[in-house]
Amino acid sequence: MSEIQIIFNADPSGEKLVKFAETIAKQLVEDKLTRGQIRNVFTEVRKIEALWNTDPEKALRRLTMLKPKLHYQTARNAPVKRLKEVLSEAIDCVNKAKEEERTEYFQRFVNLFEALLAYHRSKGGKD
C-alpha cells in the first residue's frame, strides 16, 4: 500500500498526511516548483470543493479531469511532475472510494493539497 493509500485509508489522526506533505513539499521546492504553478492547480481544487456540496457528480468529474490538466502542466513545466504524481494518485483514491466514503476521501484530498501548499511556502517555495 502506498503512502497516499495509507493517508486515505488508515490515517484517522492525519499525522501521516502531515509528514508526507512536508516531505513532498520539500521535494517540490528542490524541483523549483513555483507558488504560482501550485496555486494554479489549487484554484481549480477550490472551485471543485465549492461545487462538491451542491453537485457531487459534476465535482467528481471536474476532479477527474484535473489529471489531464496536470499532465499538460507537466509537459509545459517539468517541476510540476512530482505534484502531478501525488495528486493523480490521490484523485484515483477519491474515484475508487465507495460512494458513502467519497466525500470523506475528497476532504482528505483537499487536506493533503492544503498541507502541500502550506509546507511549500514554509520550505521556501518561490513565486
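Guide: Read along the sequence, the chain follows the pattern α-α-α-α-α-α, that is, six helices and zero strands, where helices (H or I, at least four residues) and strands (E, at least two) are DSSP runs numbered from the N terminus. This is a predicted model, in which local features need pLDDT of at least 70 and side-chain atom pairs count only at pLDDT 80 or more, while totals for chains, interfaces and linings use all residues. Residues are numbered from 1 along each chain as its sequence is written, and side-chain values use heavy atoms, with hydrogens and water left out.

The part you ask about, the largest nonpolar core, has 39 residues, and those with the most contacts inside it are Phe8, Leu63, Leu83, Val94 and Phe109. The elements that each give two or more residues to this core are helix H1 (3-9), helix H2 (15-30), helix H3 (35-52), helix H4 (56-76), helix H5 (81-96) and helix H6 (102-122). The largest share, nine residues, comes from H6. The term nonpolar core stands for a set of buried Ala, Val, Leu, Ile, Met, Phe, Trp, Tyr and Cys residues joined through side-chain atoms within 4.5 Å; buried means under 20% relative accessible area, exposed over 50%, and partly exposed in between, with a 1.4 Å probe and protein chains only.

Leucine 66, placed in helix H4, counts as buried because its relative accessibility is 3%. With the same exclusion of residues up to four places away, leucine 66 touches Val41, Glu44, Val45, Ile91 and Phe109. By contrast, the C-alpha atoms of leucine 66 and leucine 33, 33 residues apart along the chain, are separated by 18 Å.

For the chain as a whole, buried residues make up 41% of the 127 residues, and residues 24 or more positions apart account for 72% of the contacts with a separation of 6 or more. A compact globule of 127 residues would have a radius of gyration near 14 Å, and the chain has 14 Å, which agrees; the radius is taken over C-alpha atoms, and the globule rule is 2.2 Å times the number of residues to the power 0.38. Along its principal axes the C-alpha trace spans about 40 × 30 × 25 Å.

Some exposed residues complete the picture. Lysine 32 lies in the loop between H2 and H3, has a relative accessible area of 63% and is therefore exposed, and has a phi near 70°, a positive value in a residue other than glycine. Arginine 121, in helix H6, is exposed at 53% relative accessible area, and its C-alpha atom is separated by 9.6 Å from that of lysine 26, 95 residues apart along the chain. Aspartate 127, in the segment after H6, is exposed with a relative accessible area of 69%, yet, leaving aside neighbours within four places in sequence, aspartate 127 is in contact with Thr34 and Arg35.

Terms used:
Contact = heavy atoms within 4.5 Å.
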